[in-house]
Amino acid sequence: MSGTGFQFAAETLDLAVKGATAYEREDLVERLSGARHLLSDTSVTVYVVGEFKQGKSSLINGLITAPVCPVDDDIATAVPTKVGYSQQVRAVASYESAAGVNASPWTEDVPVGEIAAYVTENGNPGNQRRLRSMTVGLDRPLLASGLTLVDTPGVGGLGSLHNAVTVGSLPQAHAVVFVSDASQELTAAEVRFLRTVRELCPTIVVVLTKIDLYPEWKRIRDIDAGHLARAGLDIEVLAVSSELRGLAANAGDQELNVESGFPPLVQRLQDVVRDAERVALRSVGNHVISVVGQLEPALRSRAASLTTPERSAALVADLTRTQQRADNLRERSSRWQQILFDGFADISSDIDFDLRARSREVLHDAEKSIDEGDPAKDWPAFEQWMRQRLAGEALENYGQFARRARQLAEQVAEQFDLAAAQAVAPAGIAAPVEVIEEIDIDSSFSAAPKKLAGGMAAFQKAYGGFMMFTLLTHMAAIALPGPVGVGLGLLMGKSGLGEERKRQLEKRRSAAKTAVRRFVDEFNLQVGKDSRDALRRIQREMRDGYTRRVEELQRSTKEALTAAQKAVTNDEAEADELARLKSDLESFAMVRERAREVLTHATDRPAVAAAGRP
């Protein structure tokens, strides 16, 4: 992060805290102290996501010009790998606690050369080590600004539970790099995935990899750009070659580095870091201006009364009206409370309906697939598809939830005349995709059908046919060779076997549909419960946050009103108090100007002169 801008913002914040403390406004001090973490947290997280074997790990290695993430034709990433800055090369494995996924993980240092044994499917099949993530630190200029790159698993497609869990944390990410190689254009599933990601993290870059292997990569890039434009996604598409980047780094060849396509991507990531700085500075500047705006009225009212006592009565009347407006904000019948309550009622209804509609569509597709095949033959693949499909639907549902909650927060903020940056933003909206993996499905019907039952049915049919034919020929006094009866019996036996197999198939299909319906019902029950819990939590957080804002406004107005009323009853001006008040007002004006400079610094940041050097 930029040291000068953040240092100036921190000093401005300290001045505002000093002023709020001097006037015993602990509520404003608390808010300013809460804003301090925006300046102290220097990390900028960028997730690298995409399908299996698209070149995500190679891309990260190319960005930092170091073979940190394991790469090979038969190697697949199994757990997220976080690559950040460290003066010394270090790798730390984070494990799930025995107390459960919600408990704090435990960590251990691992040799950097053994990372593949921890993070790949070959070295850690099925994540037997129960790793949450691997964190790798090394000294690279790109990472020194606070950038952290996260290499995510891609096994099982974009709907896989690995990716679903990763996407669940995207609201906390600053940007997402979506990787797709140049062998083919973006699929409908990838475009749909990007639309979901856009709801959770607005900053997305699509990177086309392996352009050194596919001469038609420019055509694929243009097709991808067309797909994104038709989907209403304004997303930049960059094309790179990790292989050329590595060769350029080894040879120090700048022309080859430019040919690799990495410099624009490095520049884009540096822009993400600067954007994160702007957001932090803008937020701090708005908080300081808001606090100063609440401290000044009491000082102005007292100073005005001391300077021109005849204005005190008019000042009291004006402040009384302001007090009434602040009081109205706090009443349950006030406008902002109605907007918040009605807004969350609408969100709850719409999100619940959307989730049920999505699960019903999955159920319809699942039953159609069952009718077209034999559940006993491909049930494991079918079950994996259904879990992935529901995970994807849950992500899209929660993406809508997050977007609607942000819009509601901004709508409520308008009632306070607050900028969108000062809205009480909802946090921690993440789809509970991990519960989908924990839901059991009764798959006992998928066991291999018993041949004995089918064979017995065929024998009964054949024997019955043979006896009936023999009986009829004897009654008609017709002498036919025995083999003819046996042949007819076998034909009837074959028919009986076919009927029995069909009956067993229909029975398995019926059992599979029942199992799927129960699974979808359990999905609706658990994900719906989590959704309602998250909605109530977000509603309480926003209600409490805006209630604190109302209390701040009330207290500020009340103190200004008290000062004005005191002036009306005390006609004797105190020169030293007036001088102190004027000095404090000048100090607050100076703090406001500094806050405006912070906002200006957040808007106009100098561009980096050079980017992407290998």
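Guide: What follows is a set of questions and answers on a predicted model.

Visitor: What does the chain contain in helices and strands, and how much of it is buried?

Guide: The chain has 19 helices and nine strands. Of its 614 residues, 48% are buried. Among contacts with a separation of 6 or more, 82% join residues 24 or more positions apart.

Visitor: How do you know that the span of helix 9 agrees with its number of residues?

Guide: Helix 9 covers residues 217–230, which is 14 residues.

Visitor: Which residues of helix 9 are buried, and what puts them on the same side?

Guide: The buried residues of helix 9 are Trp217, Ile220, Asp224, His227 and Leu228. They cover an arc of only 95° around the axis, and therefore lie on the same side of helix 9. In an α-helix there are 3.6 residues a turn, so residues three or four places apart point the same way.

Visitor: What covers that side of helix 9, and what does the face turned away from it carry?

Guide: The cover over the buried residues includes helix 8 (188–200), strand 8 (204–209) and strand 9 (236–239). On the face turned away from the buried side are the exposed residues Ala229 and Arg230. Just after helix 9, glycine 232 has a positive phi of about 75°.

Visitor: What makes the phi of threonine 65 and of lysine 210 worth a remark?

Guide: Most residues other than glycine have a negative phi. Threonine 65 is not a glycine, yet its phi is positive, about 50°. Lysine 210, also a residue other than glycine, has a positive phi near 60°. Threonine 65 sits in the loop between helix 4 (56–64) and strand 2 (81–85), and lysine 210 in the loop between strand 8 and helix 9.

Visitor: Is glutamine 388 counted as buried or exposed, and why?

Guide: Buried means under 20% relative accessible area. Glutamine 388 has 17% and therefore counts as buried. Glutamine 388 lies in helix 15. Its C-alpha atom is 9.3 Å from that of glutamate 437, a residue 49 positions away in sequence.

Visitor: Why is helix 14 called roughly antiparallel to helix 15?

Guide: Helix 14 (residues 335–371) and helix 15 (residues 375–414) pack at an angle of about 165°, with axes 10 Å apart. Angles over 145 degrees count as roughly antiparallel, so helix 14 is roughly antiparallel to helix 15. Their crossing is right-handed.

Visitor: How do helix 8 and helix 15 cross, and which residues make the contact?

Guide: The axes of helix 8 and helix 15 come within 8 Å and cross at roughly 35°. The crossing is left-handed. Helix 8 contributes Arg192, Thr196, Glu199 and Leu200 to the contact. The residues of helix 15 in the contact include Arg389, Glu393, Tyr398, Gly399 and Arg406.

Conventions
Residues are numbered from 1 along each chain as its sequence is written. This is a predicted model: local features need pLDDT of at least 70, side-chain atom pairs count only at pLDDT 80 or more; totals for chains, interfaces and linings use all residues. Side-chain values use heavy atoms; hydrogens and water are left out. Helices (H or I, at least four residues) and strands (E, at least two) are DSSP runs, numbered from the N terminus. The expected span of a helix is 1.5 Å times one less than its number of residues. Buried means under 20% relative accessible area, exposed over 50%, partly exposed in between (1.4 Å probe, protein chains only). The arc is that of the directions from the helix axis to the C-beta atoms. Contact means heavy atoms within 4.5 Å. Axes are lines fitted to C-alpha atoms, for helices over the stretch in contact, and angles run from 0 to 180 degrees between N-to-C directions. Angles under 35 degrees count as roughly parallel, over 145 as roughly antiparallel, 65 to 115 as roughly perpendicular and the rest as oblique. A crossing is left-handed if the near helix is turned anticlockwise from the far one by less than a right angle, and right-handed if clockwise.
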